[in-house]
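Colleague: I am new to this structure. Could you walk me through how to read it?

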Amino acid sequence: MPLEPYNSTRIRAVRLKPGKGRESLGRHPWILEASLVESVSPPRLGEQVDVLGADGRWIGRGLYHPESRIRVRMYVWSQDQWIDAERFAVRIGQAIELRRQYLAGSGQVDGLRWINSEGDFLSGLVVDGFAGHLVVQVNARVLMPYLDGILGQLVEQIKPLSISLSIDEKTARSEGLEVQERLVYGQLPEGTLSLRENGLTWRVDLVGGQKTGYYLDQRENRLAASRWVPSGGRVLDVCTYAGGFALTLAKLGGCSSVVGVDSSARALDLGRQNAAANGILGGVEWEQADFFEALSARVDRQELFDMVVLDPPKLAGARDKVPRALAAYHRLNYLAMRCLRPGGVLVSCSCSGRVSRSDFVEVLLGAARRAGRDLQILENRGPSADHPVNIHCPETDYLKCLIGRVL
Ligand code: SAH
């Protein structure tokens, strides 16, 4: 796709429907298909466009995709700025500067989100680093013409050992791209990669792991949870993946037994490898099961824990899935509370961007009422600070992690 050179006299404008300007006036980076007036000569794929309000007022500048639900991705809010390699380089520089500050204050961390898409005002671009190896996820086709420049910036500013490009199935479908998983720079490590986090060693599957290989966003929440587990306590970690919470709690929290539950055998296998890599030999059990079944079975047996962690996958992927997702969160939290001894701690997470923080608090309230228990919120947390939230885009406040005591 050729890059459209900027020509100020030729830049095309698209117009918002009346009453649809609120999101963009608020600097929301997505202009959805339904918000735009149909144009007689619609812009081409990747074309830079000016977005005007229904009253003709200039709002911002974005890149157009004629077939994506996100019709325009906004990158610029000032009329004297253009979307070009230089603009992206500035944004990448700002993102990297924040991570350098974060690293300076966080001890040994070698798994890090360098660029967090909308959270860094770079809609559609995610860059994760694993012990010097970068995984670049492109979630927007309109970024493709800028990709070489972006990769060049990453090489220059981060000096990685390798860069892998990843375009997942969902993006490929919605953006009209091909699924990709390939090395675009440097050399991959031989064998599995290990990274250090919270004083533990974690094995990372760079290609084929879930997400980009490891859940970096829960780094600080794992540490926070470990402060609330009583020494010698019993823990149930539901949706453990590779043992993220379970092993941190075993190692740092000093609990006597942890059960890690996940529906994926492959994830649990990685969990076993991580346990061995950290010398955690006893006290950890792995159980391949569905979350509802694992919790219900324990309620039936009246088995009680000192801490239950709930970290299910995104349950509300689309807007119409929200009511069902809320019902599932309610059931999970209700069952988890029934598995807690009086004074036990619930660590409850939701990574659905479409479920707001206040809705999630409401779910916990409903679950506590139904369980007939008092719930105190001890910590109302988000992702680690290398996943900044763009306040203009509430969807970036996707990860909620509430730590509460259940009496
Ligand atoms: N807590 C983990 C991340 C969890 S990601 C960490 O700290 O790293 C969500 C996990 O939920 C995935 O590993 C996925 O395999 C698992 N999962 C998805 N559906 C499930 C279900 N119905 N029952 C149990 N686990 C499920």
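Modeller: Start with one term. A polar contact is a pair of N or O atoms within 3.5 Å. Keep in mind that this is a predicted model.

Colleague: Which atom of aspartate 290 lies 2.9 Å from a nitrogen atom of the ligand?

Modeller: A polar side-chain atom of aspartate 290 does.

Colleague: Which residues around the ligand come nearest?

Modeller: There are 16 residues around the ligand. Cys239, Asp262, Asp290, Phe291 and Asp311 come nearest.

Colleague: Now the overall layout. Which domains does the chain have?

Modeller: The domain assignment gives domain 1 (12–76), domain 2 (85–191) and domain 3 (215–406). Taken over C-alpha atoms, the centres of domain 1 and domain 2 are 26 Å apart.

Colleague: How do I read an interface between two domains?

Modeller: Interface size is often given as the accessible area lost when the parts come together. Here, about 1100 Å² is buried between domain 1 and domain 2. Carbon and sulfur atoms give 59% of that area. Eleven residues of domain 1 contact 16 residues of domain 2.

Colleague: How many salt bridges are there between domain 1 and domain 2?

Modeller: First the idea. Side chains of opposite charge can pair when their charged atoms come close. Between domain 1 and domain 2 the count is two salt bridges. Elsewhere on the list of contacts, seven residue pairs are in polar contact between domain 1 and domain 2, both residues at pLDDT 80 or more.

Colleague: Which strands supply the side of domain 1 that touches domain 2?

Modeller: Strand E4 (58–64) and strand E5 (70–76) each supply at least two residues. E5 gives the most, with three residues. By class, that side of domain 1 has seven nonpolar, three polar and one charged residues.

Colleague: How many salt bridges does the structure hold?

Modeller: The structure holds 20 salt bridges. One of them joins the side chains of glutamate 33 and arginine 71, at 3.8 Å from N to O. This pair links distant parts of the chain, 38 residues apart. Glutamate 33 sits in the loop between strand E2 (30–32) and strand E3 (48–52), and arginine 71 is in strand E5. In another salt bridge, the side chains of glutamate 118 and arginine 73 meet at 3.7 Å, N to O.

Conventions
Residues numbered from 1 in each chain as written. Predicted model: local features only at pLDDT ≥ 70, side-chain atom pairs only at ≥ 80, totals over all residues. Heavy atoms only, no water. Domains from an automatic or database assignment. Contact = heavy atoms within 4.5 Å. Buried area = accessible area lost by both parts, 1.4 Å probe. Salt bridge = Lys/Arg side-chain N within 4 Å of Asp/Glu carboxyl O. Polar contact = N/O pair within 3.5 Å; in protein donor to acceptor, adjacent residues only side chain to side chain. Helix = DSSP H or I, 4+ residues; strand = E, 2+ residues; numbered from the N terminus. Nonpolar A, V, L, I, M, F, W, Y, C, P; charged D, E, K, R; others polar. Near = heavy atom within 4 Å.
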